[in-house]
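Biologist: I'm new to this one. Could you walk me through it, one question at a time?

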Amino acid sequence: MSIEHLIAGRAAALKPSGIRRFFDIASEMEGVISLGVGEPDFKTPYAVRQAGIQSLQRGKTAYSANAGLMRLREAIAGYMARRFSLSYDPKSEVIVTVGGSEGIDLCVRAFVNPGDEVLVPEPSFVAYGPMVSLASGVPVPLPTLAEDEFRLTPERLEAAITDKTKLLVLPYPNNPTGAVMRREHLEAVAEVIRRHDLAVLSDEIYAELTYNGRHTSIAEIDGMRERTVIVNGFSKSFAMTGWRLGFLAGPPEAVRQMLKIHQYALMCAPTTAQYAATEALDHCEENIAQMRDEYNLRRRFIVDSFNRLGLDTFEPEGAFYIFPCIKSTGMGSEEFCERLLYSKKVAVVPGSAFGESGEGFVRVSYSYSVNHLTEAVRRIGEFLDELKGGA
């Protein structure tokens, strides 16, 4: 007997992540250099690790409040005020989540009714569309283009809105392109959002990795705080990926509904990680600047290197990815990545994994040492030379 016929159709219809296939192949090959993982190569700051250890030694192993430790929520509210000039009440407008991913899921499930359309700018993080589908919503891809520096334009937003549109995902700084939305771009988009009375899920997990000026949240724009849920976390800014801790901030009416879902699904975020994150916000913000400076050096190196190789590469202003165009090779994204992996043992991610508008590009992470990047660039250069020689 097979249980397959009992599986929910929504789950069965989900496609596996387009990223994982290349990681699975690479994991079984010797000598592979990976530029595929979106994970800091830094260790969690020492003081943060110690705070987690000390909480265990003191026996702080019970559940926290559903919304998270009040001390951490106060620290999050202080952080949002210091870094982004946004005021949130830690009692009613902040939830500590299990990574930023849970925050995205909570927001989608709290806003989306069956049949509601959710606009998802692409290329973007692979999870948005599937989360919308699991909530019985309809994900609507909203292509962004290299000639617009992969920013969402008000014209494209306006053209995609229907009477079923409920929510806009705003994923900036962007994974995989590294694009950012500056204040003037956000103001233009906000005018369309207000006119059509949409809610916004602003995924700002890479907010601290902005290289040319301070990150601006759309919640800072007039009339947007009351319709925006911000999702952020500790994975990228404090190199805390394995701690699985994030947070969301938004208007109390929305947070109240998301908290109910959080209560039933997860109870609370891991207590040890919450103590560690409190230390990160209280005493370790200088580590953010140190890591950002190092990423910036790598960013300049990798962009210059890929352009010298003849792969037209848009200069990202955020996150830790570049998104070079590989159309000049005559190959599609998947073919390029597969041939590069098998012939030179370098793993990058096909742009098509992040939506149809990512076809013709690949995602390259520079969250690796310069030595690691240098060797990868050398091998990619050999690969491109061999392609030209065989043409």
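Biologist: Which hand does the crossing of H5 and H9 have?

Modeller: First, a word on the model: it is predicted, so local features need pLDDT of at least 70 and side-chain atom pairs count only at pLDDT 80 or more, while totals for chains, interfaces and linings use all residues. Residues are numbered from 1 along each chain as its sequence is written, and side-chain values use heavy atoms, with hydrogens and water left out. Now, a crossing is left-handed if the near helix is turned anticlockwise from the far one by less than a right angle, and right-handed if clockwise. By that rule, the crossing of H5 and H9 is right-handed.

Biologist: At what angle do the axes of H5 and H9 cross?

Modeller: Helices (H or I, at least four residues) and strands (E, at least two) are DSSP runs, numbered from the N terminus. Axes are lines fitted to C-alpha atoms, for helices over the stretch in contact, with angles from 0 to 180 degrees between N-to-C directions. The axes of H5 (residues 99–111) and H9 (residues 252–265) come within 9 Å, and they cross at roughly 115°.

Biologist: How many nonpolar residues are in the contact of H5 with H9?

Modeller: Contact means heavy atoms within 4.5 Å. On the H5 side the residues include Leu106 and Phe111, and on the H9 side they include Met258 and Ile261. The contact of H5 with H9 has two polar residues, two charged ones and, on the nonpolar side, eight. Here Ala, Val, Leu, Ile, Met, Phe, Trp, Tyr, Cys and Pro count as nonpolar, Asp, Glu, Lys and Arg as charged, and the others, Gly among them, as polar.

Biologist: How many salt bridges does a search of the whole structure find?

Modeller: A salt bridge is a side-chain nitrogen of Lys or Arg within 4 Å of a carboxyl oxygen of Asp or Glu. Some are linked in a network, with Lys344, Glu375, Arg378, Arg379, Glu382 and Glu386 taking part. The search of the whole structure gives a total of 24.

Biologist: Is Arg298 buried or exposed?

Modeller: Buried means under 20% relative accessible area, exposed over 50%, partly exposed in between (1.4 Å probe, protein chains only). Arg298 has a salt bridge to Glu294 (3.1 Å, N to O), and both lie in helix H11 (residues 285–308), four residues apart. Glu294 is partly exposed at 25%. Arg298 has a relative accessibility of 3%, so Arg298 is buried.

Biologist: Why are Arg378 and Glu375 about one helical turn apart?

Modeller: The closest N and O atoms of their salt bridge are 2.7 Å apart. Arg378 is partly exposed at 41%, and Glu375 is partly exposed at 24%. The separation is about one helical turn because the two are three residues apart in helix H13 (residues 370–390).

Biologist: What is omega for the peptide bond from Tyr172 to Pro173?

Modeller: Most residues other than glycine have a negative phi, and most peptide bonds are trans. Pro173 is in the loop between strand E5 (165–170) and helix H8 (183–196). The bond from Tyr172 to Pro173 is cis, with omega near -5°.

Biologist: What phi does Ser85 have?

Modeller: Ser85 sits in the loop between helix H4 (70–84) and strand E2 (94–97). Ser85 is exposed, with a relative accessible area of 57%. Ser85 is a residue other than glycine, yet phi is positive, near 55°.
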